[in-house]
Structure formats: structure tokens, C-alpha cells
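Reader: Could you take me through one part of this model closely, giving the cut-offs behind each term as you go? I would like a single connected account that I can follow against the coordinates.

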Amino acid sequence: MNTELRTVSGMRPTGPLHLGHYFGVLKNYVELQHKMRSFFFVADWHALTTDFNRTELLQRHVLDMVKDWIGAGLDPEKCVIFRQSDLKEHAELSLLFSMFTPVSWAERNPTYKEQQQQITTKDLSCTGFLCYPILMAADILMYRPTGVPVGQDQLPHMELTREIGRRFNFLYGDYFPEPEAILTPAAKCPGLDGRKMSKSYDNGIFLDDTFQNVEDKVKRMFTYPPRIKKSDPGCPEKCNLFPYHQLLATPEEQKEIHEGCLNASFGCVACKKIFLRYLKEFLEPLQERRASVTDQDAMEILAEGQKQAREFAQGTMEDVRRLMRLN
Ligand code: TRP
């Protein structure tokens, strides 16, 4: 454990986690908890930025997310697990940041522009959505971290976070660090249909899927569409399944599959069998751990995490208020 380093990250509780979440970010959380002081939170306020009118299942999803995290290997003895809305300090810091963050910084955010154009089923015209990255900057800078594990899609938010921190430092005195994004190397997780795995595309394999379910999904998963017969040579680089072998299979097996696919001696059905074997090995212990966590346990984990996060967050807020001459 390196005490010079610190990390923080959050996920929006929008529903069950899938393989893309695991290999994209969660796997990093699990590794980081052993290396540095780690804060991981369920970003329920951030879920409201796009779903303020659908809150029935939100707190159910919060508890499920804690269960998924524990299943995946997060250990509440090793890291702090908390719920964003329990830490009112995040709201205070976000409010203070909003005072000196130009509207144009939020508006030019590529994720904001893209989602405004692409998502037509939700009302994204609210200030909460526009100010999403300001709240995120508060979530992050509150813990003055050195690095933040996020997916590739969050890089513009990370940039804005550093800009907000720099502006604070310029206005009120040097205080916040400039945290780097911590990315998982090349975690490409195609969905069942070949597009990026995403809940909204309904193309995911979820961490809490039953094995029967997983089998059915893998059977209908696209591999490399131009390969129709087994005797047609395949193309691992363009196959939707091969990236998973790269994540799960041994190097020897990867090599065998790669060669067999190229020279058409190895078919997609056999390939899927191997994938299923590895998936089973991966999911079984995860689901067993997950099933051992009750709602009550999840709530207790959040209650304990809240205390620890607050202790740190209050320290930051005292400094911030002093630097801004609000004390
Ligand atoms: N925007 C992140 C996502 O959609 C979630 C998030 C909110 C976050 N606050 C954060 C991630 C702070 C890292 C740090 O995945």
C-alpha cells in the first residue's frame, strides 16, 4: 500500500453491471484497493441527471451495485465504499465550483454534445445534466487523488476536472492536484451484436446472469459475420468474441485459437465453448460472493463507508472554505 497515492471513482447505478463494466473499470478498482487509499462510490445523484423522472428503482440499483462490487472482489476492509448522496459535501463543493466554471466549459464538453444529439428518449435539457461534469469534478477533487479509474468515454470529464482544479488554484491558492485517468489497457468489450456492450443496446452479458442465460446469449453472439461455414477462414482481429479470449484465456490457448481461426481448422462453435468455459470459471466465484451479500449487508457497508468518506471530505471542505474565505 503506497500512502502517497490515492484514488477515487464512481459509477452510476443505472442497472445491473455487465462484462464491459467489469473489464473496463471495475477490474481496476479491485486492483487499486490493494495499492493505495481508495474511495469508490455509487453515483446516485449522477443517475438523476438523465433519469430524474424515474427514481422508483434507483435505490434498489444502489444496493445491487454494492453487491456487484463485492462479488467482483472489492473488499470493504480495503477500500471505502459509499453512496454519493450520503456525502452532502460533494454538493457543496460542486456548488462552489459552479461559481467560477464558465458555462462554455460545460457546453463544449463532447460527451454533453453527443448525448444531447443522440439520446432522444430522455429530457437532457436540465441544468443538472449540463453541470454533470462540475459535480464529477467535485466528486474527484474532494479526495485529492493522484489517479481516477474511468472508462475511455470519461476522458473529457477528466480534462474538465483538471481545468476546474487549476482555476481554483489560480483564484484561491494552490490546493488541488491534477489527477490522471487510469485506463484498463485495451479493454475492448463488444456486445452480443458487435456494438459496444451497453445496457441501452440490450446486448450485454451481466454479472448476475444465470449460466443458462449466459449460454443462450453466447450461442447467438455474432463472431465474424463474413465467416459462414467452418471451412471459411476467420479473422480474430475483426471477431467480436476474440477480445474476450484475450481477456480470459491463457496465452497458449489464445495462440491456438488465433491460428486455428485463421487457417479454418477451428470453428466458431468450438470457440464459443471455450469462451463459455472461461466465463463459467470467472462468473461462478463472483456470483457466489455476490449471493452472500444481503441488502442489510450492503446498507451496512454504505453506512460505514459514509463515515470514512465524510472524515476525509470534511477535511477538504474546511480547507476549501478557508481558502475561499468562507469560514
Ligand atoms: N461519469 C461517470 C460514469 O458515467 C460516473 C462518475 C460520477 C464518476 N462521478 C465520478 C467517475 C467521479 C469517476 C469519478 O461512468
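Author: Strand E2 (residues 36-42) has 6 of its 7 residues buried, so this strand is largely enclosed by the rest of the structure. Buried here means under 20% relative accessible area, with exposed being over 50% and partly exposed in between (1.4 Å probe, protein chains only). Helices (H or I, at least four residues) and strands (E, at least two) are DSSP runs, numbered from the N terminus. The model is predicted, and local features need pLDDT of at least 70, side-chain atom pairs count only at pLDDT 80 or more, and totals for chains, interfaces and linings use all residues. Residues are numbered from 1 along each chain as its sequence is written, and side-chain values use heavy atoms, with hydrogens and water left out.

Strand E2 pairs with strand E1 (residues 2-11) in the parallel sense, over 7 bridges, where pairing requires that DSSP finds at least two bridges between two strands. Within this pairing, Val 8 has Phe 39 of E2 as its bridge partner. Between the two strands the chain passes through helix H1 (residues 19-35), and this β-α-β crossover from E1 to E2 is right-handed, a term that applies if, with the strands pointing away from the viewer, the path from the first strand over the helix to the second runs clockwise. Strand E2 also runs parallel to strand E3 (residues 80-83), to which 4 bridges join it, and in E3 the bridge partner of Phe 41 is Phe 82.

At 1.5 Å a residue, the 17 residues of H1 should span 24 Å, and its end C-alpha atoms are 23 Å apart, which agrees; the expected span is 1.5 Å times one less than the number of residues in the helix.
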